[in-house]
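Please examine the sequence and the model displayed here.

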Amino acid sequence: MSITEIVFWFLSGLALVSAIMVLLSKNPVHSVLWLIAVFFAISGHYILLNAQFLAIVNLIVYAGAIMVLFLFVIMLMNQGSEPEPRSKSMWIKMAGAISGGSLLLVMVAVIRQSANLVVRNEANDIVPKEAVARVGDIGLIEKLGNVLFTEYVVPFEISSVLFLSAMVGAVVIGKKE
Amino acid sequence: MQALTNRAKVVDRKPMTFIERLYLWNILKGMFITFSHIFKKRPTINYPEKKRPFSPVFRGLHVLNRDEEGRERCTACGLCALACPAEAITMEAAERKIGEEHLYREEKYAARYEVNMLRCIFCGLCEEACPKDAVYLSETPAPPNFTRESFIYKKEDLLIPDPTKEPEAFKKAKGLS
Amino acid sequence: MNIDWILVLEKFLLIATVVTISLVIAMYETWSERKIAALLQDRRGPTRAGPFGLFQPLADGLKLFMKEEIIPNSANRFLFILGPCLAMMAAMMTSAVIPFGGTIEVAGRQVDLQVADVNIGVLYVFAVVSLGVYGIMIGGWASNNKFSLMAALRAASQAISYELAMGLSLIALLFMSGSLSMRDIVTQQMAGDWGGFLGWNVLYQPLGFLIFLIAAFAECNRTPFDLPEAENELNFGYHQEYSSMKLGFYLFAEYINMFISSVIMATLFFGGYDMPFFNESAHAHWGNWLALVGIIALTLKVGFFIFLFMWVRWTIPRFRYDQLMNLGWKKLVPLALANMVITGAVVLWLNDK
């Protein structure tokens, strides 16, 4: 097992354990901290994929900014009280099951359909493609910038308009008293 | 109101100019003021190694004087207590017995003589009131202490050393050596 | 699979050296803070512990270690201890991408005086800086004290507000350099005329530097932005419940941050290890001595910035909270945006010519 593989398994395990702990921990602040651990593990994966820019931006934006805002809200909430009792109605449970199931369906479909996850070997059997690490340079900042501003410029601009509208909305809500 | 001195500055309530509103210029001015202080002479002295001279009229702890033969001069007349504006001095008189002539100069002496250094304002009026040259204010500043009781100086604390028994200490207390 | 053990050893030694140096410098920053405060206020400062009070930091450290270690009953023990650890860690991690000098030759090996020359150095610095907020927030929350919590929120909102201005002011600089690697940025500056002096970014980005400087003051919680720890008016701050060395770590992390941000300012805007009016490439035969010249140049620049930090601290009074937010969001961010747009336009125009 090479070092890259060891790191990969370690990061995957860390990501999974932390993600489960996000759901299991009773205290919301602990959940947020576990979520930050998940982001760190995912950033490690990005670095393994030679996408340093994505790794760092993941840290800056998610771990550094969004999670801080989460912490803000949770810390300011009523924290002394017990976690709310689990007396959800039947409808909410069903809605949760349906939405979770559809998400699972979508993910399975994506994995099944992405043809480049499998290859045919010499005997013409379908075998999983070997994971490759530290190759490709699409995650490097220069390449990423080029792709974003040429090939994907329309989605990029549309998403920035979306952010702008979110900002305007926040200002309007804030001004309303 | 009429100005009493010419040092008072009229408050300037004009709206701030552009440079003042930038705030940076004022910060720079302030920084040059503080920087110029690096080259100023330090008023601090290294205390225990170096001491500042006392003023010649400094008045410190009280001293009860003796004459050349080592007899207490105080006759417990009470004039010092009367003169004291802070009512810091208490005394109790007693009559000199036969055989005590070498201890007390006058026929009546102070059996108890107390000065409360917490009340005393070190004005020196007791010194001026004394007809027998018995009470003086020394050049020792009152030392700090932890209890109130310890600030009430008894006769033993106030008496100057005996010139017949400890001539050196007597000279030192008088400031002659 | 063979690992280049010598490289591992080299990097390990380099990391150990950098960490030790930052700790020692932070230690002596506390001394110089007192000494400079005294100088600016016509006092003498520490004089008793050793010559010129040079052993004062040791005495302070010893005092902090001897103090009683208090963990409040209702505090969250794990997070309470994690807080200062995170603060310290975030402070130390930044130094990984900073080039402290050129290349030296040890036993036939070329050793870069930089722990990791990654191609996203500047972004890495931002990522670590934004993680520094967690040390403050976790510490303040885990104390289970409303005042600590409020102070932590105050500190965190200040930090994330000024991070924005800081990032925007740097984007203009990155337009010019076209690289995120700290070493590339330094090498580009060294190529300027007058032995590198005319290549210094501060000459082309004075406004960007000013914004970066102000934001760095705010990020380090230094006066005039030291509301997070306003000892004398806003009840100590997020570390109110801390005692002994855990408090020491918080305070120490601040001094390390100050050192690191001085190094970053010197590197990004003042040519890093470039000695002005001295042509490095013409003296390449000096070898290790050339690297020493570079280190000395960087040390001088860093020393000046640390002095500036202290000089400002003892000159300017503290901002009020609304003034702080106004300055951050209504003045610095628009200024940085304008600076960015103008720089972008000028760069494009020059490229077209």
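The points that follow cover a sheet in chain B and the overall fold of chain C. This is a predicted model, in which local features need pLDDT of at least 70, side-chain atom pairs count only at pLDDT 80 or more, and totals for chains, interfaces and linings use all residues. Residues are numbered from 1 along each chain as its sequence is written, while chains are lettered from A and ligands numbered from 1 in the order in which they are written.

**The sheet in chain B**

- Three strands of chain B form an open sheet in the order β2-β3-β5, with antiparallel pairing; strands pair if DSSP finds at least two bridges between them.
- Strands β2 (89-95) and β5 (152-153) of chain B stand at the edges with a single partner strand each, so one side of each has no neighbour in the sheet.
- Strand β3 (residues 108-116) of chain B pairs with β5(B) in the antiparallel sense over two bridges.
- Opposite Asn116(B) stands Ile152(B), a residue of β5(B).

**Secondary structure of chain C**

- Chain C has 11 helices and two strands, where helices (H or I, at least four residues) and strands (E, at least two) are DSSP runs numbered from the N terminus.
- Along the sequence, the pattern of chain C is α-α-α-β-β-α-α-α-α-α-α-α-α.

- The C-alpha trace of chain C spans about 65 × 55 × 50 Å along its principal axes.
- Of the 353 residues in chain C, 45% are buried (20 or more other C-beta atoms, placed from the backbone, within 10 Å of the residue's own).

Technical notes. A residue is buried if 20 or more other C-beta atoms lie within 10 Å of its own, exposed if 12 or fewer, and partly exposed in between; C-beta atoms are placed from the backbone.
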